[in-house]
Amino acid sequence: EIFSDSQKASLAVANRIKDLILAKQKANEKFVLGLATGSTPTKVYEELVRMHKEENLSFQNVVTFNLDEYFPMQPDSLQSYVRFMNEYLFDHIDIDRNNVHIPDGTLAMEDVSKFCQDYEEKIKGFGGLDMQILGIGRTGHIGFNEPGSMANSRTRLITLDQITRTDAASDFFGEEFVPRRAITMGVGTIMAAKEIIMMAWGEGKARIIKETVEGSISDSVPATYLQNHDNAKVILDDAAAADL
Ligand code: GLP
C-alpha cells in the first residue's frame, strides 16, 4: 500500500492497531503486539499516544514484545531500545509495565540462550503475536535477522552485519562504539505473527524494498521471507516505492 507521505501511512497503521485493540477489548481479550524501533515507526507511536490522550484509547489490554535489543546494552543508555520505547510510547500511555517485554541487553553471556527460550515461551503463552510491525534495514534485515538468517530461526543472539553497524554509527558517535551483537526475535518468531505490517519511508529504502517485494525468496535478504506470509502488508511512502 503506497501513501503520498509517511505521516498518512503512519496514521493508517495506527488506526489498524487501534481497531484491533478495541476489538480485543470488546471480547475481553489481550492484544499481543510486536514492536519495532528505529526512525520508521516513530510516527505510528506518536499517533497512538495522541489517540490515548485525545480519544481515550486504553492500552490496558495490550501486551507488547519488542523485536530486538543491542547486546550488550544498559537500559538507560542513549541507544537502548528500552529507553527508545519509553520515550516514544510507554511513558505516555496506560500500558501495564508487566505487559511490556524487550530483549535484555544486560544479561551475562551464559544466560542469553535461556532468556531467548523464555522469550519464545512467553509469546506462545499469550497465544502468539496478533500483529508484528517492522521496519527494514539496508541489509534487508527484519528485527536484527541479518543475511544468512534461516526461515525457522527463533529468538537468539546474532552478530550484526557490517552495513548495519555502519548505519548505526551516528547513533553511537562512531562505528567502533556500535555493539557487535544483538538479541533478536527470529524469522520464524516474526512469521508466526497473525498479521505483519512492514513500513519503509524515503528513497534510501527504495532498493531494498524492491528486492523485498519483487526479489526471489532467499536468506540473503531476510525480508523476502515475508512473501510467504499470508497476512503481511508492506506500507510505503512514494519515495520508498519508487523502484517498484
Ligand atoms: C535497526 C532496527 C530494525 C530497523 C532498522 C531500520 O536495525 N533493529 O528493526 O528496522 O534499524 O531503521 P530505521 O527505521 O531507522 O531506518
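**Entry 1: Leu11**

I began with the cut-off that burial needs here: a residue is buried if 20 or more other C-beta atoms lie within 10 Å of its own, exposed if 12 or fewer, and partly exposed in between. I keep in mind throughout that this is a predicted model.

I looked up Leu11, which is found in helix α1, and I counted it as partly exposed because 17 C-beta neighbours lie inside 10 Å. I then took the distance from Leu11 to Leu48, and noted that their C-alpha atoms are separated by 8.7 Å although the two residues are 37 residues apart along the chain.

**Entry 2: helices α1 and α2**

I went on to the helix pair. Helix α1, residues 6–26, packs with helix α2, residues 42–55, at an angle of about 55°, and their axes are 8 Å apart. I therefore recorded α1 as oblique to α2, and I noted that α1 passes α2 in a right-handed crossing.

On the α1 side, I listed Ser6, Gln7, Ser10, Leu11, Val13, Ala14, Ile17 and Lys18 as making the contact, and on the α2 side Lys43, Val44, Glu47, Leu48 and Met51. Sorted by class, this contact of α1 with α2 has seven nonpolar, three polar and three charged residues.

**Entry 3: Ile133**

I turned to Ile133, whose place is in strand β6, residues 131–134. Is Ile133 buried or exposed? I counted 24 other C-beta atoms within 10 Å, so Ile133 is buried.

Leaving aside neighbours within four places in sequence, I found Ile133 in contact with Val13, Gly34, Leu35, Ala36, Pro41, Val44, Ile197 and Met199.

**Entry 4: the ligand shell**

I looked up what surrounds the ligand and found 13 residues, of which the closest are Gly38, Ser39, Thr40, Gly135 and Gly137. By class, I recorded four nonpolar, eight polar and one charged residues in the shell around the ligand.

**Entry 5: backbone exceptions**

Before reading the backbone angles, I reminded myself that most residues other than glycine have a negative phi, and most peptide bonds are trans.

Which kind of peptide bond runs from Phe71 to Pro72? I found it to be cis, with omega near -5°, and I placed Pro72 in the loop between β4 (68–71) and α3 (81–88).

For Asn56, I read a phi near 60°, a positive value in a residue other than glycine. I located Asn56 in the loop between α2 and β3 (62–66), and I counted Asn56 as exposed because 8 other C-beta atoms lie within 10 Å.

Phe173 also has a positive phi, of about 60°, although it is not a glycine. I located Phe173 in the loop between α5 and β8 (181–184), and with 11 other C-beta atoms within 10 Å, I counted Phe173 as exposed.

I looked up Leu160 in the loop between β7 (156–159) and α5 (162–168). With 23 C-beta neighbours inside 10 Å, Leu160 counts as buried. Setting aside neighbours within four places in sequence, I noted contacts from Leu160 to Phe144, Glu146, Arg165, Arg180, Arg181 and Ala182. I also noted that Leu160 and Tyr70, which are 90 residues apart in sequence, are 9.2 Å apart in space, C-alpha to C-alpha.

I then looked up Asn231, whose place is in the loop between α7 (206–214) and β10 (232–237). Asn231 is exposed, since 10 other C-beta atoms lie within 10 Å. Which residues does Asn231 touch, not counting those up to four places away in sequence? I found Lys194, Glu195 and Ile196.

Key
Residues are numbered from 1 along each chain as its sequence is written. This is a predicted model: local features need pLDDT of at least 70, side-chain atom pairs count only at pLDDT 80 or more; totals for chains, interfaces and linings use all residues. Axes are lines fitted to C-alpha atoms, for helices over the stretch in contact, and angles run from 0 to 180 degrees between N-to-C directions. Helices (H or I, at least four residues) and strands (E, at least two) are DSSP runs, numbered from the N terminus. Angles under 35 degrees count as roughly parallel, over 145 as roughly antiparallel, 65 to 115 as roughly perpendicular and the rest as oblique. A crossing is left-handed if the near helix is turned anticlockwise from the far one by less than a right angle, and right-handed if clockwise. Two residues are in contact if their C-beta atoms, placed from the backbone, lie within 7 Å. Ala, Val, Leu, Ile, Met, Phe, Trp, Tyr, Cys and Pro count as nonpolar, Asp, Glu, Lys and Arg as charged, and the others, Gly among them, as polar. A residue is near a molecule or strand if its C-beta atom, placed from the backbone, lies within 6 Å of it.
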